[in-house]
Amino acid sequence: MKLFQCIKQNKYIKRTIHIIFLLATVAVIDLALGNLLENFYFKQKSGWLYRTTYALNETTADLVIIGSSRANHHYHPDVLSKSLNLTYYNAGRDGSYIFYHYAVIRSILKRYKPKVIIFDFIKTGFKPSQESYDRTAYLLPYYRSHPELRDIIETKSPFEKVKLLSRIYPYNSMLVTIAAGHPALHSTRDGDNEGFIPLLDKWNEPLVSYKASPCYDFDKEEVRIYESILTDCIKSGTRIYVVVSPYFHKLATPDCSVIEARKIAAQYNVPFLDFGDSEYFRNSPQLFYDSYHLNENGAREFSALLVEAIKKEESKTYASQSNLDQ
Amino acid sequence: MAFTSFNFLIFFPLVLVLYWLTPVKYRYITLLFASYFFYVNVKPVLALVLFSVSAAAWGFALLMSGTRNERKRRTYFIVNIIIVLLPLVLFKYFSAINNALLKYLTEIGLNWPLPEMRYILPIGISFYTFMALGYAIDVYNDELKAERNPGIIGLFISFFPLILSGPIERAGNMLPQFRKAQSPDFALIATGLQLILWGYFMKLVVADRIGIYVTSVYNHVEHHNGTSLLFASMLYPFQLYADLGGYSLIAIGCSSILGYRIIPNFNRPFFAPTMAEFWRRWHMSLITWLTDYVYTPLSFALRKYKVWGIVCALLLTFLLSGIWHGATLTFLMWGLMQGLFLSAEALLNQRKTLAEKKYSLEKKRWYLIAGIIFTFLMFSSSMVFSRAATFHDALLVYHKIFTEHGPLFVGSPSTMIYLGCGLILLIIKDFLDEFYPHRIKLFNNDNSIVRTMSYSAIIIIILLIGVFDSSQFIYFQF
């Protein structure tokens, strides 16, 4: 009783108890709400959050497309799957960068060995950008369940481990999206075709030409990750193709990242298929949704061209293999 | 190091511990080192500019107070002002003036060999320059005694909670506090924590979320219709309020925890019924600074022109305010518009007061609401110039608002929902504080459970819908 009185009278102890009470309350709410969000996150059956989970945990497709929004909208499953006679999954995600792409490849290769991975490389892919690191936030919900992703997620900031003490943090700004992805609501969403989302509008703007610009310094970490993508695929025996898909713009000087990526691919004997400056697509605005994305018709035409290029590469490899055998 | 970075959440408690562990007499030295450490984290070489401004402010103030010869005092004062202003002019305005001059000379056929200049702007230079200037003017006017200790002046100008974006403090308020050692005060600490928490809410939940929408619209003015541009223009003042207001609250809160009382910077500006009242509530530290050091001397000098003298002083003061905000034509126009609004109010004030008395308008609720809405509309219309990237873009925004209507650009519905939640909470809190200050208390409730739940709710909301990095921007790119 005396102790209680003493605590009640001592303002320092009283304040300290209040602070501990506040921290405990926040921790309890954080834990409860975080678990609830986690539960609903992994129950989703549609949307881009679900597609990431599917790519990391479930897909067993022979052909996997990896990359950003351009990967997601440019590689038509009907054309690629039928022509190459492979099952298909598109793991491209809007606004994602090379760290995210590597994380998806790593998770997939840990589970199984796809026959082919198509990695869509973007112009300025090695240009330093904070966004590239920030977007590993897409992977935060998988930090606990996917130990192979932790070092990639930790490139976001040195404090990611500390921030992840909060159970809500991985689901920051996802509340509405998670709710919309709940099986009871997701029927309102547009479906995808094996992860591929077609874009339907046509681009009406004229071709934009960019002036010559000096080469920028590369982000060494991004270059290292690119090399890791190639070596991990080679080690696992998965055939990887690095592809630059079409753009609706004209650069006066070739993009430095593309030059570097081609050079590195050549070092590892990885086919590098560059359609980025294709004259045919540059003259066909009707195949684009905007200057960076092909629409569905564009995706079909590009995929058909890509199949031809892949077959050509395959026959080249087959021929060189035969020569070696002889 | 931004307040919203995780580094700051580590830096500040460390500084606090060090500060309280330091013997009382030397605490200002700990803070001075901490402030410079905070600053060099941005770009080390720029700390030299901060150091030079502080050294000049300290040295010339001593020289001014050391002589009774008025001519000498005046010379020291002018040299002080020039030295303190030089970095600001050089870094912030010189390249703009130089490049404009270069363009003009080329246009009239004179190929003057002026090199094109681009400098990195030292962070917080506009804020600490004004603080140093205020100190010099106060000492020159004998309103303040020159400080002999260079460490105290160095700390006043570089004090880390204030250096990035204010409030623009006065030497008269800060120097006595720095001289007198501060010891932990639980009431101040509690207030400080409240302010910091609400500041983070304003910045991360409201400002940065609105910023996603406003940036995506204003970065592609040519692609958006008048409806979206109007909506973005209405949101932008809230973004700015939550951004600068939130940052100011964090700064004031950190200072409170250290034991220092800082002047407020915002006082629920969107409930002001007139522009004059608005400017007494918006960026108060800058406006009081401009009032004391620019407007009052100017209106005194122009007093023989009566009301037109006031109009002239108002226009010049707000033009200066525009220039202070940025070295562009858009900011100049923004400043001019503020000056014009206030001048119009000053000119109509007598008639307005008569009408208010005659019809007892001041007591009528609709009159107050109409005043609040009208003031907000005037301010947000001027903010188009402050937000647009170029003068041409600003004109295009006005043109489209009046001529091109269509569906509102929504981008991502989830972002709009978070934006709405944050903004509504902010408006409700400000509304209650403005009109029912003692009716509903959450953070200051006598019941500790209500208090704790209020704090917890804000922390959870920040974790749930705060914008922590650029990963949210993707959903809104045009």
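User: How are H10(B) and H15(B) oriented to each other, roughly parallel or roughly perpendicular?
Analyst: In this predicted model, the axes of H10(B) and helix H15 (residues 365-387) of chain B cross at roughly 90° and come within 9 Å. Angles of 65 to 115 degrees count as roughly perpendicular, and H10(B) and H15(B) are therefore roughly perpendicular to each other.

User: Which residues meet there?
Analyst: From H10(B) the residues are B:Ser233, B:Met234, B:Tyr236 and B:Pro237, and they meet B:Phe379, B:Ser380, B:Met383, B:Val384 and B:Arg387 in H15(B). Sorted by class, this contact of H10(B) with H15(B) has 6 nonpolar, 2 polar and 1 charged residues.

User: OK, what about the largest nonpolar core, which residues touch the most other members?
Analyst: The largest nonpolar core holds 202 residues, and those that touch the most other members are B:Ala57, B:Ala132, B:Ala136 and B:Phe156. Helix H10 (residues 226-258) of chain B gives the most to this core, with 17 residues.

User: How many residues are in contact between domain 1 and domain 2 of chain B?
Analyst: On the domain 1 side 19 residues are in contact with 20 residues of domain 2, while the centres of these domains, taken over C-alpha atoms, are separated by 27 Å.

User: Which elements of domain 1 give two or more residues to that side?
Analyst: They are helix H1 (6-21), helix H4 (70-107), helix H5 (125-140), helix H7 (160-163) and helix H8 (171-179) of chain B. Among these, H5(B) gives the most, with 4 residues, and by class this side of domain 1 has 11 nonpolar, 6 polar and 2 charged residues.

User: Now B:Val467, is that one buried or exposed?
Analyst: A residue is buried if 20 or more other C-beta atoms lie within 10 Å of its own, and B:Val467, with 25 C-beta neighbours inside 10 Å, therefore counts as buried. B:Val467 is placed in the segment after helix H18 (448-465) of chain B.

User: How many residues apart in sequence are B:Val467 and B:Asp208?
Analyst: They are 259 residues apart in sequence, yet their C-alpha atoms are 6.1 Å apart in space.

User: Switching to chain A, how many helices and strands are there?
Analyst: Chain A has 14 helices and 9 strands, and its C-alpha atoms fill a box of roughly 95 × 45 × 40 Å along the principal axes. Of the 326 residues in chain A, 39% are buried.

User: Last one, how many residues of chain A are in contact with chain B?
Analyst: There are 28 residues of chain A in contact with 21 residues of chain B. The elements that give two or more residues to the chain A side are helix H2 (11-41), helix H7 (130-134) and helix H10 (175-180) of chain A, and H2(A) gives the most, with 10 residues. By class, the residues of this side divide into 11 nonpolar, 9 polar and 8 charged.

How values were computed:
Residues numbered from 1 in each chain as written. Chains lettered and ligands numbered in written order. Predicted model: local features only at pLDDT ≥ 70, side-chain atom pairs only at ≥ 80, totals over all residues. Contact = placed C-beta atoms within 7 Å. Nonpolar A, V, L, I, M, F, W, Y, C, P; charged D, E, K, R; others polar. Core = buried A, V, L, I, M, F, W, Y, C linked by C-beta atoms within 7 Å. Buried ≥ 20, exposed ≤ 12 C-beta atoms within 10 Å, placed from the backbone. Axes fitted to C-alpha atoms, helices over the stretch in contact; angles between N-to-C directions. Parallel < 35°, antiparallel > 145°, perpendicular 65-115°, else oblique. Domains from an automatic or database assignment.
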